[in-house]
Amino acid sequence: MIHITNRQDCCGCAACAQRCPKQCISMKEDAEGFLYPTVDTEVCIDCGLCEKVCPELNSGRERQPQKVYAAINKDEKIRLGSSSGGVFTALAEQTIDEGGVVFGARFDENWEVVHAYTETKEGLTAFRGSKYVQSRIGNAYKDAERFLRNGRKVLFTGTPCLVMGLKLYLGRDYDNLLTVDFLCHGVPSPKAWRLYLKEEVARMCDKNSASSHPKSLIPERDAPIVGISFRDKHSGWKKYSFALTLSKASAAGEKNTVSLSTLVENPYLRAFLANLSLRLSCYACPAKSGKSCSDITIGDFWGIARFKPEIDDDKGVSIVLDFAKGSVIEELDSVDIQPMNYEVSSVCGNFSHSSIYNGNRPLFFRHLGKRNIMRLFERYAYPCFFQRVMNVIERKLAQ
Ligand SMILES: Cc1cc2nc3c(=O)[nH]c(=O)nc-3n(C[C@H](O)[C@H](O)[C@H](O)COP(=O)(O)OP(=O)(O)OC[C@H]3O[C@@H](n4cnc5c(N)ncnc54)[C@H](O)[C@@H]3O)c2cc1C
Ligand code: SF4
Ligand code: SF4
Ligand code: SF4
């Protein structure tokens, strides 16, 4: 049976919990806010199925893509609502047109990130755009298997480890399944996200500090959240902006207020890119270098200004790594594609390399939930010289 001795060796895909015939594995949130499996040993029959489907115990084969493209969705509105070039929506719309089902990550009613599916184009809006938080997979593999067995086309999208977990969970190939993952930096803690959002909403509501509102807040009755984008493009794709929209009731009626902050200004994004708030498995990712077995990998084509400046309008370009599922990408009418010719690992570092461990991570998580999160980000993600010295002392004392 599954037994986690080192938390780095579990990416939280929940393949084990979904496959267990006795349903004796439950996914429980740890102190850092990530889900890990717990087995009820009284019920377990020691069948070993949970181990057979675990991405951490079944190493994949490294693969190189057959083809590489730069891609842009022809619908500008869709591209502006997407994190890079809008390839996800193009693939998803085609799946829906063919009577299929699309799986992806969306916000739930509490603005937590969950995996879900949709059978309509309207339903795709919720999946569009990156959410830099670990998605809760729930029973998505079971749902996908049911659709596949009924002969429906399924497009499954998610992190490489989620795609790897799905493939192991299914245990066989399906011609009606298309999997799409992305170049993955790692996933931040849902608990850190929850606390950040609470403080940010409080700040926007002009209540000074969240420390005076330890429990209340999401969504506040007088200021419900109406939209969140981790990759707002009003200041340009390359600026990488976070947008939080609240609806405030006033004597004049409902009014939306937007807080917009670029990567350099936003503490949550800075902590994410400083590798402070990531799941432990993301520092030793089991699914990199094509090991996820995904059919297609997408990402931000950051080098586009160097390789093809004529298509770089700062509205977003996707890189598409095609591991050959026929010519799915080439047949999409809704995207402009440009074949590219180079070694992928030379431009996409995180195709093969895991994020580097941040030595302040244990200190950050030790204080998470006990202190103001904005201060924790400041102190551990981008400390000033004096704070760096203090962090070294704190680390030594913690050993
Ligand atoms: C946590 C995370 C880390 C990433 N790291 C990198 C990186 O280092 N380098 C890089 O080039 N690109 C990275 N990306 C991918 C990039 O941000 C874009 O999502 C990708 O380029 C697709 O963009 P798009 O315009 O085609 O479609 P979009 O509409 O932006 O794509 C949305 C897709 O992402 C999926 N998705 C969104 N949030 C999550 C989530 N939390 N968990 C699982 N699936 C999710 C949706 O289901 C949908 O399939 C990351 C994405 C996420 C969510
Ligand atoms: S060994 Fe079998 S019964 Fe026990 S937890 Fe794993 S899958 Fe479930
Ligand atoms: S990686 Fe997935 S399958 Fe393996 S133990 Fe963790 S949740 Fe279970
Ligand atoms: S970095 Fe690897 S382990 Fe972490 S979320 Fe991405 S694919 Fe999963």
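Modeller: Gladly. Across the interface of domain 1 and domain 3, three residue pairs are in polar contact, both residues at pLDDT 80 or more. This is a predicted model, where local features need pLDDT of at least 70, side-chain atom pairs count only at pLDDT 80 or more, and totals for chains, interfaces and linings use all residues. Residues are numbered from 1 along each chain as its sequence is written, and side-chain values use heavy atoms, with hydrogens and water left out.

Colleague: Which residues does domain 1 bring to domain 3, by class?

Modeller: The side of domain 1 that touches domain 3 has two nonpolar, one polar and two charged residues. Here Asp, Glu, Lys and Arg count as charged, Ala, Val, Leu, Ile, Met, Phe, Trp, Tyr, Cys and Pro as nonpolar, and the others, Gly among them, as polar.

Colleague: What makes arginine 361 and glutamate 32 a salt bridge?

Modeller: A salt bridge needs a side-chain nitrogen of Lys or Arg within 4 Å of a carboxyl oxygen of Asp or Glu. The closest N and O atoms of arginine 361 and glutamate 32 are 2.8 Å apart, so the pair meets the rule. Between domain 1 and domain 3 the count is two salt bridges.

Colleague: Why is glutamate 32 called buried?

Modeller: Its relative accessible area is 10%, and buried means under 20%, with exposed over 50% and partly exposed in between (1.4 Å probe, protein chains only). Glutamate 32 is therefore buried.

How values were computed
Chains are lettered from A and ligands numbered from 1 in the order in which they are written. A polar contact is a pair of N or O atoms within 3.5 Å; within protein, one must be able to donate a hydrogen and the other to accept it, and residues adjacent in sequence count only if both atoms are side-chain atoms.
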